[in-house]
Amino acid sequence: MRSTRWLWRTVGFAALLSTVLCAVGFAYGINQIIFPKPVARNATEAPQQPAAKPKTDNWEAKDQIRIVALGDSLSAGTGDLSGKGYVGDVRDKLEKQLGKPVFVYNNFAIPGYRTADLLKDWDKKADIAKSIAEADLVLLTIGGNDLFQGGAGIFGPDDGTNGTPASEGTNGGTGAGPAKGLPSQGAEAPKSTPGSPDQEAGAGFNPKAAAERIPDALKRLEQIFDRVSKASPHARIFYVGLYHPFLDLDPQREGAPVIQQWNAAAFDLANRYPNITVVPTYDLFQLNLNKYLYTDHFHPNQDGYDRIAERIVETLK
């Protein structure tokens, strides 16, 4: 009798437990129907991985660094008797700083080039864009020849007859040749005195001639920035600003605002691209012009190039 009672109790308890479980399961099923959880379109797809860091933030992981340079005689190193120029100096300093191989992969700089020349070269030579696409660091100098044009209209009356473009020169410093009133390569710069012919009205430094060339040159500089940035969106691109190579022939410093106008406009253009940086150089030469310029009175000498390179590498830290 007792065993029969225990059996019925066990069966009743099991039945009650089954009923409760069924009720819970039923409620859960209704909840999933009414409030379904969102499901990925393709449940078989692997979960997305976090986006990789941009290459510009990953120099430490690289086995080597590739430098590509382009522009005018400043990037070509004219005036540095060691042959390295600021590009070679950057390579040496950066290799020491990073403790890994750094190579000048290509240097497309041509003495005398202006913004229009660089754009034409780009259109003709597919390897320029290809090399820049493979670069980690792009070094660029251009614009000085656009402003100074070998001295045409810069030294003497602004009538379009003074001076002719030459093959090498300045960056305010970049590739145009010695202007009228300046020495040929290897000679000392002329020293003028108040009242001398080269200080007469219309015969000294004429900043107006340079200023008039800025608007068109800036339009081409914008095209260059756009092409370089798009060719290598992950590279670090450094544009070297202009300095005033004729400061000692410009006692009123009338040319300073013109060059600073160019540098400020270049900065505004570069600011539109996250991977372009303008490197200022005006102050590097302002107080020690003769110390850091080559004897052609246009290009930096070896020490001048070293100062530019030092600033670039400091900026890269």
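Which residue of β5 does F238 stand opposite? The reply is in point 4, once the sheet has been laid out.

1. Overall content. This is a predicted model. The protein chain has 12 helices and 5 strands. Of its 317 residues, 44% count as buried. Taking contacts between residues at least 6 apart in sequence, 79% join residues that are at least 24 apart.

2. The sheet. An open sheet is formed by 5 strands, in the order β2-β1-β3-β4-β5, and the pairing is parallel. The edges are held by β2 and β5; each has a single partner strand, so one side of each is left without a neighbour in the sheet. On average, and with direction ignored, neighbouring strands are turned by 25 degrees against each other.

3. Strand β1 and its partners. β1 covers residues 65–71. Its parallel pairing with β2 (residues 102–107) is made through 5 bridges, and I67 stands opposite V104 of β2. On pairing with β3 (residues 137–141), the strands are again parallel and joined by 5 bridges. There V68 has V138 as its bridge partner. Of the 7 residues of β1, 6 are buried, so the strand is largely enclosed by the rest of the structure.

4. β3 runs parallel to β4 (residues 236–240), and 4 bridges join the two. One of the bridge pairs is L139 with F238, and another is L140 with Y239. β4 then pairs with β5 (residues 276–279) in the parallel sense, over 4 bridges. To settle the opening question, F238 stands opposite T277 in β5.

5. Burial of β3 and β4. In β3, 5 of the 5 residues are buried, so this strand is largely enclosed by the rest of the structure. L137, L139 and T141 point one way from β3, V138 and L140 point the other way, and all are buried. β4 is mostly covered, with 5 of its 5 residues buried. Both of its faces are covered: R236, F238 and V240 lie on one side, I237 and Y239 on the other, and all are buried. Note that a charged residue, R236, is in that buried set.

6. α9 lies across β4 and β5 and runs at about 165 degrees to β5.

7. The α8 and α9 pair. Two packed helices are described by the angle between their axes and the distance between the axes. For α8 (residues 214–231) and α9 (residues 255–270), the angle is about 30 degrees and the axes are 10 Å apart. That makes α8 roughly parallel to α9, because angles under 35 degrees count as such. The crossing in which α8 passes α9 is right-handed. From α8, the contact is made by I214, A217, L218, L221, E222 and F225; from α9, by V258, Q261, W262, A265, A266, L269 and A270. Sorted by class, the contact has 11 nonpolar, 1 polar and 1 charged residues.

8. The α4 and α8 pair. The axes of α4 (residues 115–124) and α8 come within 9 Å and cross at roughly 35 degrees. This crossing is left-handed, whereas that of α8 with α9 is right-handed. On the α4 side the residues are T115, A116, L118, L119, W122 and D123, and they meet A217, R220, L221, Q223, I224, R227, V228 and A231 of α8. The residues of this contact divide into 9 nonpolar, 2 polar and 3 charged.

9. Which helix do A217 and L221 of α8 meet in point 8? They meet α4, and A217 and L221 also belong to the contact with α9.

How values were computed:
Residues are numbered from 1 along each chain as its sequence is written. This is a predicted model: local features need pLDDT of at least 70, side-chain atom pairs count only at pLDDT 80 or more; totals for chains, interfaces and linings use all residues. Side-chain values use heavy atoms; hydrogens and water are left out. Axes are lines fitted to C-alpha atoms, for helices over the stretch in contact, and angles run from 0 to 180 degrees between N-to-C directions. Angles under 35 degrees count as roughly parallel, over 145 as roughly antiparallel, 65 to 115 as roughly perpendicular and the rest as oblique. A crossing is left-handed if the near helix is turned anticlockwise from the far one by less than a right angle, and right-handed if clockwise. Contact means heavy atoms within 4.5 Å. Buried means under 20% relative accessible area, exposed over 50%, partly exposed in between (1.4 Å probe, protein chains only). Two strands pair if DSSP finds at least two bridges between them.
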